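Biologist: I have a model open and would like to learn how to read it. Could you take me through it feature by feature?

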Amino acid sequence: MNILEVHNLKKYFATQKAVDGISMQVKEGSIFGLLGPNGAGKTTLLRMITGIFYQDSGEIIFHGKKFDPEKDVEHIGYMPEERGLYKKMKIGEQAIYLAQLKGLSKADARTKIRHWFEKLEMESWWNKKVEDLSKGMSQKLQFVTTVLHNPKLIILDEPFSGLDPVNANLIKDEIYNLAKNGATVIFSTHRMEQVEEICEHIVLVNKGQKILDGKLADIKNDFKENIYQINANAIPDQLINSLFDIEKQTQQKLLIKLKEGTKTNDVLQYFINENIELHSFNEVLPSLNEIFIGLVEGTATARQFQKI
Amino acid sequence: MSKTLLILKREYTTRVKKKAFLITTIMFPVLYIGLIFGTGYLGSRAKQKLDIALLDQSGYFTDSSLAAVNRMDSSTLFTSVTDTSIQSNYKKEGYDGYIIMPALNWQTGMKNIKFITDKTHGSGTESMIGNKLNIIWSEMVNEKLGIDTEKKTVLSSSSISIKEENEQNKNANSKVSATIGYACGFLIYFILLIYGSQVMLGVMEEKTNRIAEVVVSSVKPFQLMLGKILGISLVALTQFLIWVACIFLVYSVGKYLGSGNAVASALVEGIQQSFASINLPLILVCFAFYFMGGFFFYASLYAAVGSAINEDVREAQSLSFPITLLVIFAIFMMTIAIQDPSGPIAVWGSIIPFTSPIVMMARLPFGVPGTVPVWQLALSMSLLIIGFLFSTWVAAKIYRTGILMYGKKPSWKEMLKWAFRK
């Protein structure tokens with residue numbers, strides 16, 4: 001079942017078509033990646049999904065029903081990219097306050113916060129003020145306040161920026177845990193290696209429009225260019241044949257691109273016939289980064305202002 | 001609604017718990033009283049002493065008459081001189097200036113006799129010197145006309161004066177009314193200015209802490225704005241009530257202690273009498289209404305400005321200046337309204353919501369319906385309600401866009417665009 005469906009969503013600002021007809025489905029319990037270069041419209045899209053902006057047209061379906069910001073925000077946890085905390089407030093009080101705004105009772109909020117603080121080794125923070133925290137520490141606190149009320153849908157915009165590898169892993173594990181326990185995570189970023197690691201399904205947006213949508217594995221398959229890497233003992237300089245083109249060659253490594261119609265076994269047969277001893281033979285799939293750059297490249301790096 | 005209440009509670013408790021609240025609550029009355037007495041004290045102390053040489057060619061300004069004038073107070077000291085060299089060496093001899101009194105006709109006198117100095121002393125000094133010399137002069141004229149001391153007393157004390165009595169409101173005492181009007185108007189003025197900017201800075205809090213987007217993903221921007229304005233207004237009200245309670249306490253203690261003391265009991269009686277001449281319950285109810293109404297009206301405008309600016313306080317000042325100007329303009333209208341509480345400026349100023357909280361409060365002590373007809377009061381009140389609903393609505397629209405904007409400072413034109421687009 002889809003926890004979130006977006007149909008032909010549009011939001012125009014005075015000088016930009018920030019979101020220009022995006023549709024997408026997010027399956028319940030999945031980790032979903034929303035990718036795009038800076039200024040692609042990711043934040044505007046997320047702001048509509050979280051009820052901060054009203055769309056100009058289009059439809060948002062949350063849990064099978066029309067999205068009602070008033071009620072449904074209590075089931076959404078949103079950690080925006082532009083995030084902060086009340087600097088002068090005590091950390092415990094602040095977490096309770098933010099949880100109460102999400103509809104939790106004070107007592108309920110307190111026990112949940114204690115639980116999370118214990119889990120992430122933050123117990124000693126309770127009576128400290130936010131201004132005493134480092135950037136990474138306040139990031140952790142922000143993550144806790146985002147997921148505290150057990151939201152069904154968790155939206156994280158660049159959640160790892162400013163975190164050291166240890167804390168980033170800690171948060172990553174929690175994201176997996178939350179997904180395992182049934183929450184859906186939308187993960188917005190332009191850091192491809194994180195997406196490759198975490199997400200099952202991705203949508204790529206550029207200039208307010210969706211340009212790619214699918215399972216991560218399928219997308220990689222779609223974009224594969226039949227490139228294989230071969231490791232061998234000694235590779236002769238001259239390998240003239242009709243099966244493949246040579247992309248790159250060193251003493252023991254060969255990168256080849258199969259020609260139309262060539263099967264991998266044909267290639268293996270060829271090497272056996274040539275009496276070249278292979279150590280390994282494997283397919284090279286494009287990294288998401290390459291796909292991303294390939295698709296976005298050629299479009300202007302920064303969005304231009306336009307008349308609407 | 002419960003979320004608005006939560007925000008209100010946080011705004012209120014964090015503010016009241018701050019040391020700054022305690023300090024301003026104590027310091028404001030102390031400073032205010034200090035300001036009034038301090039300037040009075042300084043004013044009385046700072047009067048300068050002038051040594052003036054008088055070269056009399058008329059023969060009317062004798063040494064004894066000058067000595068009599070010198071005894072009146074020490075601000076000027078006239079010394080009679082005879083040598084004309086005073087014109088060139090008055091400074092060397094320690095005088096601040098000199099006057100050459102020409103030979104005069106006692107029946108016509110003379111205007112604009114020159115007081116020569118080497119620095120400007122201003123019109124106050126000019127008229128003071130003139131008055132003192134005129135005392136000697138008129139004494140002489142009286143003598144020449146044959147007016148004796150008895151006739152002189154009649155001349156100076158016998159006069160008539162006029163006192164207005166409004167037939168719809170016979171108790172009205174225009175002096176007491178004006179004083180109370182001034183007090184109410186200025187109180188609202190101070191509270192608007194002080195807490196208006198508090199609201200503006202308070203609204204900036206979410207922006208400077210970059211928490212705005214987190215908060216508006218849980219509550220509607222309107223709820224956030226309303227909670228903030230209400231919370232800060234309750235802080236203002238708390239502070240105000242503390243002051244009122246203190247005044248009441250001082251008054252009661254004074255009344256109790258002064259029961260044996262003639263001066264104190266006369267004072268207390270005077271206060272009671274002046275309050276008897278006005279409709280106190282009406283004034284209090286109206287004060288509460290205009291206090292809150294005016295506060296919400298201006299607070300929402302300040303909130304709109306606060307949401308539109310970034311961390312920069314200088315931006316805040318330049319954008320909020322037009323609003324502050326309106327409040328100051330209202331105080332000007334008020335001073336005119338107190339001089340002439342039924343005049344057109346007073347009437348219109350007390351009806352238009354931008355100025356009505358201050359101007360109407362200045363008019364009301366003069367009496368309803370004597371000075372302020374009931375229809376004017378009703379119109380003013382309903383317009384203020386409509387006004388603050390409208391300003392809150394506009395502010396909410398600006399706030400919604402402004403609170404998520406970072407970077408560029410918007411112009412007033414852009415803010416109006418945010419307010420009136422769908």
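Modeller: Start with domains: their bounds come from an automatic or database domain assignment. This is a predicted model. In chain B, the assignment gives domain 1 (49-152) and domain 2 (171-420).

Biologist: How far apart do the C-alpha centres of domain 1 and domain 2 of chain B lie?

Modeller: Those two centres are 52 Å apart. Chain A is also divided, into domain 1 (2-221) and domain 2 (225-284). For domain 1 of chain A and domain 2 of chain A, the C-alpha centres are separated by 45 Å.

Biologist: Next, helix pairs. What describes two packed helices?

Modeller: The angle between their axes and the distance between the axes. Take helix H11 (residues 280-308) of chain B and helix H15 (residues 374-402) of chain B: the axes cross at roughly 20 degrees and come within 8 Å. Angles under 35 degrees count as roughly parallel, and H11(B) and H15(B) are therefore roughly parallel to each other. The crossing of H11(B) with H15(B) is left-handed.

Biologist: Which residues make the contact, and how do they divide by class?

Modeller: From H11(B), the contributors include Phe289(B), Phe296(B), Phe297(B) and Leu301(B). From H15(B), they include Leu384(B), Phe388(B), Val394(B) and Ile398(B). By class, the contact of H11(B) with H15(B) has 15 nonpolar and seven polar residues, with no charged ones.

Biologist: At what angle do helix H3 (residues 91-101) and helix H5 (residues 135-147) of chain A pack?

Modeller: The angle is about 30 degrees, and the axes are 9 Å apart. H3(A) and H5(A) are therefore roughly parallel to each other. The crossing of H3(A) and H5(A) is right-handed. Ile91(A), Ala95(A), Leu98(A) and Ala99(A) of H3(A) meet Leu141(A), Val144(A) and Thr145(A) of H5(A). That contact holds six nonpolar residues, one polar and no charged.

Biologist: How many residues does each chain give to the contact between chains A and B?

Modeller: Chain B gives 14 residues and chain A gives 15. On the chain B side, helix H1 (2-17) and helix H8 (212-216) are the elements that give two or more residues. H8(B) supplies the largest share, four residues. The chain B side comprises seven nonpolar, three polar and four charged residues.

Biologist: Last, confidence. What is the mean pLDDT of chain A?

Modeller: The mean is 86, with 96% of the residues of chain A at 70 or more. Among the elements of chain A, strand S7 (residues 153-157) has the highest mean pLDDT (93) and strand S12 (residues 244-249) the lowest (81).

Methods. Residues are numbered from 1 along each chain as its sequence is written. Chains are lettered from A and ligands numbered from 1 in the order in which they are written. This is a predicted model: local features need pLDDT of at least 70, side-chain atom pairs count only at pLDDT 80 or more; totals for chains, interfaces and linings use all residues. Two residues are in contact if their C-beta atoms, placed from the backbone, lie within 7 Å. Ala, Val, Leu, Ile, Met, Phe, Trp, Tyr, Cys and Pro count as nonpolar, Asp, Glu, Lys and Arg as charged, and the others, Gly among them, as polar. Axes are lines fitted to C-alpha atoms, for helices over the stretch in contact, and angles run from 0 to 180 degrees between N-to-C directions. Angles under 35 degrees count as roughly parallel, over 145 as roughly antiparallel, 65 to 115 as roughly perpendicular and the rest as oblique. A crossing is left-handed if the near helix is turned anticlockwise from the far one by less than a right angle, and right-handed if clockwise. pLDDT is the predictor's confidence in each residue, from 0 to 100.
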